[in-house]
Amino acid sequence: MDRVRAGRMRKRAFDDARVAAYGQRMTTQAPYELYYWPTIQGRGEPIRLAFEETGTPYVDVARKPEGEGGGTAAIMQFIKGDQPGLIPLAPPFLRHGELVIAQTANILQYLAPRLGLVPEDEASRVRANQLMLTIMDMIVETHDVHHPIGTSLYYDDQKDAAMRVAPLFLRERLPKFLGYFERLLSRDGHLVSPALSYVDLAAFQLIEGLRYAFPKSMFAFEPRVPLLSALHTHVAGRPRIAAYLASPRRVRFNERGIFRNYPELDVAPDPDVRF
Ligand SMILES: N[C@@H](CCC(=O)N[C@@H](CS)C(=O)NCC(=O)O)C(=O)O
């Protein structure tokens, strides 16, 4: 055997061993530790929903008292780089064993196969990730309605701009995003697959948040996306989700999160709007 081939084989054996070791580490009983701001649902909520739907034990670290290693101090330790693992830019992030994973869609992409919230085949996993990223895009746009100028400014300091942006969001962007999900449901019968996936949970949360933030507009618009509404109802009625929503573990919507109810921004969309 020539030296190059022998070298390749050694490397392959080394890679296989590494992958096996990695798999072993991943199947250890390491707890799932979610790090997210303790007083809002925000981007942490699709991850909480995934744990809750599957009855998976998890620690919502920052919701524990600071004296027990919780509070926002626990989050800041990672962001400052005082904990091992990849430094996250912002929460949510998940610690599982030695891994620290940030970015909502990335965290769910990691969790979903382990929690049984996505089919195993690659096409389904890529599809789920694409849809999750699209939901996250919409979440950014929804947040930017009340903070169109800068996240470091108070809402009252950018209210005039917010009032200019809100009708555009409600007439153009909201129908575009929700209409897209409705088209998928109408053509394919599901977002990812007939089995419940993490994208269904995130779509539920999106509708919940939009209903809270823009009740008048959603009341007017939702009849145009009946399949998405039905998906919301289906998820809300799942026993573990229903129990979670009624429990103190579910943070209530408030005006510090992504979905905020400012009535002056809830301008019902033009009923003739097309999507
Ligand atoms: N794309 C990231 C965004 C993370 C993010 O913006 N997190 C917010 C809380 S929801 C935050 O604390 N941001 C701090 C900052 O951007 O300075 C994700 O989806 O996880």
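Let's begin with a term: two strands pair if DSSP finds at least two bridges between them. Strands here are DSSP runs of E with at least two residues, helices are runs of H or I with at least four residues, and both are numbered from the N terminus. With that in hand, look at β1 and strand β3 (residues 93-96), which pair in the antiparallel sense over four bridges. Along this pairing, Tyr-35 stands opposite Phe-93 in β3.

A word on what you're looking at: this is a predicted model, where local features need pLDDT of at least 70 and side-chain atom pairs count only at pLDDT 80 or more, while totals for chains, interfaces and linings use all residues. Residues are numbered from 1 along each chain as its sequence is written.

Now for the rest of the sheet. It's an open one of four strands, in the order β2-β1-β3-β4, with mixed pairing. β2 and β4 (99-102) stand at the edges with a single partner strand each, so one side of each has no neighbour in the sheet. From one strand to the next, the twist averages 20 degrees (axes being lines fitted to C-alpha atoms, for helices over the stretch in contact, with angles running from 0 to 180 degrees between N-to-C directions). On one flank, β3 and β4 run antiparallel and are joined by four bridges, with Leu-94 opposite Ile-101 in β4. On the other, β1 and β2 pair in the parallel sense over three bridges. To get from β1 to β2 the chain passes through α2, and this β-α-β crossover is right-handed: with the strands pointing away from the viewer, the path from the first strand over the helix to the second runs clockwise. Tyr-32 stands opposite Tyr-58 in β2.

Next, step back into the loop between β1 and α2, where you'll find Arg-43. Arg-43 counts as buried because it has 23 C-beta neighbours inside 10 Å. Two residues are in contact if their C-beta atoms, placed from the backbone, lie within 7 Å. Leaving aside neighbours within four places in sequence, Arg-43 is in contact with Pro-92, Thr-104 and Ile-139.

Arg-43 also belongs to the group around the ligand, together with Gly-42, Ala-90, Pro-91, Pro-92, Gln-103, Thr-104 and Met-136; a residue counts as near a molecule if its C-beta atom, placed from the backbone, lies within 6 Å of it. By class, that shell has four nonpolar, three polar and one charged residues. (Ala, Val, Leu, Ile, Met, Phe, Trp, Tyr, Cys and Pro count as nonpolar, Asp, Glu, Lys and Arg as charged, and the others, Gly among them, as polar.)

Most residues other than glycine have a negative phi, and most peptide bonds are trans. Yet a cis peptide bond joins Pro-91 and Pro-92, with omega about 10 degrees. Pro-92 sits in the loop between α3 (71-79) and β3. Gln-103, in the loop between β4 and α4, has a positive phi of about 80 degrees although it is not a glycine. Gln-103 counts as partly exposed because it has 18 C-beta neighbours inside 10 Å.

Further along, Phe-259 lies in the segment after α10. Phe-259 is buried, with 25 other C-beta atoms within 10 Å. Leaving aside neighbours within four places in sequence, its contacts include Thr-142, Leu-210 and Ala-213.

Finally, the whole chain. Its secondary structure comes to ten helices and four strands, and buried residues make up 33% of its 275 residues. Among contacts between residues at least 6 apart in sequence, 69% join residues at least 24 apart.

Key
Buried ≥ 20, exposed ≤ 12 C-beta atoms within 10 Å, placed from the backbone.
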